[in-house]
Amino acid sequence: MENPDEYDQNGFIFPRSRYYGQVKPEYLAFNANLQEFAQKTGYITNLENNGKMNPEDAYKQIKLLWKQLKQSKKGLGIVKEPPGAD
């Protein structure tokens, strides 16, 4: 049984922010994907800044993550809404 006072390592390593946007399943899924993108690009950036990864590899990995994020948006059917549309 877990102790409620135990330190949540997963929440520390992979923190999630609260979502304040319009509540739709596709928006919630995209928000989770966007937060994962931000986490991974942060890790890659830190590795590159500390000399553990060369800049070209960091660029390629972030570019791949960006393509995956764009594909996720497209796959979820999220389209750009006109300004002021709610």
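Student: How many helices and strands does the secondary structure of the chain come to?

Tutor: Helices (H or I, at least four residues) and strands (E, at least two) are DSSP runs, numbered from the N terminus. Here the chain comes to three helices and zero strands. Along the sequence the pattern reads α-α-α. This is a predicted model, where local features need pLDDT of at least 70, side-chain atom pairs count only at pLDDT 80 or more, and totals for chains, interfaces and linings use all residues. Residues are numbered from 1 along each chain as its sequence is written, and side-chain values use heavy atoms, with hydrogens and water left out.

Student: What span does α2 reach from its first C-alpha to its last?

Tutor: The expected span of a helix is 1.5 Å times one less than its number of residues. Helix α2 has 25 residues and reaches 36 Å, close to the 36 Å expected. Just after α2, Gly51 takes a positive phi of about 75°.

Student: At what angle do α2 and α3 pack?

Tutor: Two packed helices are described by the angle between their axes and the distance between the axes. Axes are lines fitted to C-alpha atoms, for helices over the stretch in contact, and angles run from 0 to 180 degrees between N-to-C directions. Helix α2 covers residues 25-49 and helix α3 covers residues 55-75. They pack at an angle of about 180°, with their axes 10 Å apart.

Student: What word describes how α2 and α3 run relative to each other?

Tutor: Angles under 35 degrees count as roughly parallel, over 145 as roughly antiparallel, 65 to 115 as roughly perpendicular and the rest as oblique. So α2 and α3 are roughly antiparallel to each other.

Student: Which residues make the contact?

Tutor: Contact means heavy atoms within 4.5 Å. From α2, the residues include Phe30, Phe37, Thr41 and Ile44. From α3, they include Ala58, Ile62, Leu65, Trp66 and Lys73.

Student: How many residues of each class does the contact of α2 with α3 have?

Tutor: Ala, Val, Leu, Ile, Met, Phe, Trp, Tyr, Cys and Pro count as nonpolar, Asp, Glu, Lys and Arg as charged, and the others, Gly among them, as polar. This contact has ten nonpolar, five polar and three charged residues.

Student: Which residues in α2 are buried?

Tutor: Buried means under 20% relative accessible area, exposed over 50%, partly exposed in between (1.4 Å probe, protein chains only). In α2 the buried residues are Tyr27, Phe30, Asn31, Gln35, Phe37, Thr41 and Ile44. What covers them includes α3. Of the 86 residues of the chain, 15% count as buried.

Student: Is Leu65 buried or exposed?

Tutor: Leu65, in helix α3, is buried, with a relative accessible area of 13%. Leaving out residues up to four places away in sequence, Leu65 touches Phe37, Lys40, Thr41 and Ile44. The C-alpha atoms of Leu65 and Glu36 are separated by 9.5 Å, though the two are 29 residues apart along the chain.

Student: Where does Lys73 lie, and which residues does Lys73 touch?

Tutor: Lys73 lies in helix α3. Its relative accessible area is 34%, so Lys73 is partly exposed. Lys73 touches Phe30 and Ile78, not counting residues up to four places away in sequence. Glu26 is 47 residues apart from Lys73 along the chain, yet their C-alpha atoms are separated by 8.5 Å.

Student: Is Tyr20 buried or exposed?

Tutor: Tyr20 is exposed, with a relative accessible area of 68%. Tyr20 lies in the loop between α1 (9-13) and α2.

Student: What share of contacts joins residues at least 24 apart?

Tutor: Take contacts in the chain between residues at least 6 apart in sequence; 57% of them join residues at least 24 apart.
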